[in-house]
Amino acid sequence: MTETMADRRNDEDLRGRIAAELDRTRARTAALTDAVGDEDLVRQHSPLMSPLVWDLAHVGNQEELWLVRDVGGREAVRRDIDDLYDAFKQPRRDRPSLPLLPPPEARAYVATVRDKVYDLLDRVAFTDRPLVTDGFAFGMIVQHEQQHDETMLATHQLRSGPAVLDAPPPPEPRARVGGEVLVPAGEFTMGTDTDPWALDNERPAHRVRLPAYAIDAAPVTNGAYAAFIADGGYDDPGWWSPAGWAHRQQAGLTAPLHWRRDGDGWAYHRFGRWARVRDDEPVVHVCWYEAAAYATWAGKRLPTEAEWEKAARWDPATGRSRRYPWGDEDPTPDHANLGQRHLWPAPVGAYPAGASPLGVHQLMGDVWEWTSTTFRGHPGFTAFPYREYSEVFFGDDYRVLRGGSFGTDRAACRGTFRNWDYPIRRQIFSGFRCARDAAPGEAPGVRTV
């Protein structure tokens, strides 16, 4: 079929968008790795995390494997390091002992790979081959690097020493938000068939029917969580599942990670600085077991993944599912706390422009939200382009998180995006909101404040 002028313009627009996303993402990677010296780059700050220099070279290696070698059909840059930067062959706890590229070599390597990617981007044909349709492989690599940037940000949160990252505080509340939103019973479309850079576990779109339920209008706040602590929430096994109570005892959990007593209240250590815990900010750095115990104490439960997505995407006026709570347009700073613009969650009510049509706030950004759902594929799931992105994690070991955090980039965050982790993990930027079954006769949309 003859290529038209419109096709060429569309391809050039796509190339420009891809180049801009690659540049923007690499600038963030550089900022996170240039913020510390070489000693900090090669040190393992927690056995749960890689040395920052491993993440740096790993994103370059993935870019080489998928873009330079597969999409571009070019010669390998460094085939000899493939095993070193294979996340499945090298457990995080063992990575410091590997013969990793030193920081100058890692930076040179990722720069060389990127130069080759720019060269092939000028020539690649966006054909109907699934890997390159709509620039999918490039979008996959952008999202992969941004996901590692968030992981590196979490590593910065765990490192000791003086503060090296800085950002302005998030905006103050612009709306009064509280209570619950009642979501009516009925079907909605979960997942997507149309988002060109959506990953395999977000597909395919499918219809899901849910009974009526209520969901919190905002994430659970520090103040609400502190009340759980003050009421002996960590001391009463009645609020915890058997597995959760066993973990609470074994791990010695008494409060969210990075909290300590501060007079009659609490302080929170974030990125090298201590600050007083602010009551109206979403609680962060709690594991799934802690979130579930709080929900039980509050007389509620964690939402299912489908309940979370319906609250975030379903438009009662049209019956369709939006890409984001506010619509289909990409996030702006008015919609959500994303992209490391700030270094902690925004207070509840800071983003009224980002609310869903039902009036549920801050579903995107601020904190990843635990759900009650174990990680599995949607009905009709097909692994693409490799099983190790999603499928090998399916099962009962992982719980799904939704919505993104203040450290999540807009490229790796949408209403269908799915994250997952072990229920014991809390070094991630994780929080939650609660839900409950609707009572007979409750009117949809009623908000209790």
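## Close-up views of a predicted model

**View 1. Here is the largest nonpolar core, with 93 residues.** Of these 93 residues, Val71, Phe138, Tyr225 and Phe432 touch the most other members. A nonpolar core is a set of buried Ala, Val, Leu, Ile, Met, Phe, Trp, Tyr and Cys residues joined through side-chain atoms within 4.5 Å. Buried means under 20% relative accessible area, exposed over 50%, and partly exposed in between (1.4 Å probe, protein chains only). A second, separate core has 27 residues, including Ile215, Trp326, Val348 and Ala435.

Residues are numbered from 1 along each chain as its sequence is written, and side-chain values use heavy atoms, with hydrogens and water left out.

**View 2. Tyr225 is shown with its contacts (heavy atoms within 4.5 Å).** Setting aside neighbours within four places in sequence, Tyr225 is in contact with Val220, Tyr234, Pro256, Val283, Val286, Glu290, Tyr294 and Phe432.

**View 3. Three strands form an open, antiparallel sheet in the order 1-4-12.** Helices (H or I, at least four residues) and strands (E, at least two) are DSSP runs, numbered from the N terminus; two strands pair if DSSP finds at least two bridges between them. At the edges are strand 1 (180-183) and strand 12 (435-437), each pairing on one side only. From one strand to the next, the twist averages 20°. Strand 1 is joined by four bridges to strand 4 (residues 213-216), and Glu180 stands opposite Asp216 in strand 4. Helix 9 (residues 305-313) packs on this sheet and touches strand 1, strand 4 and strand 12. The direction of helix 9 makes about 75° with that of strand 4; axes are lines fitted to C-alpha atoms, for helices over the stretch in contact, and angles run from 0 to 180 degrees between N-to-C directions.

**View 4. Pro103 is found in helix 4 (residues 103-121).** Pro103 counts as buried because its relative accessibility is 5%. Beyond its neighbours within four places in sequence, Pro103 is in contact with Asp38, Leu41, Val42 and Val53.

**View 5. Thr25 lies in helix 1 (residues 5-34).** Is Thr25 buried or exposed? At 1% relative accessibility, Thr25 counts as buried. Leaving out neighbours within four places in sequence, its contacts are Val142, Glu145, Gln146 and Asp149.

Note on methods. Predicted model: local features only at pLDDT ≥ 70, side-chain atom pairs only at ≥ 80, totals over all residues.
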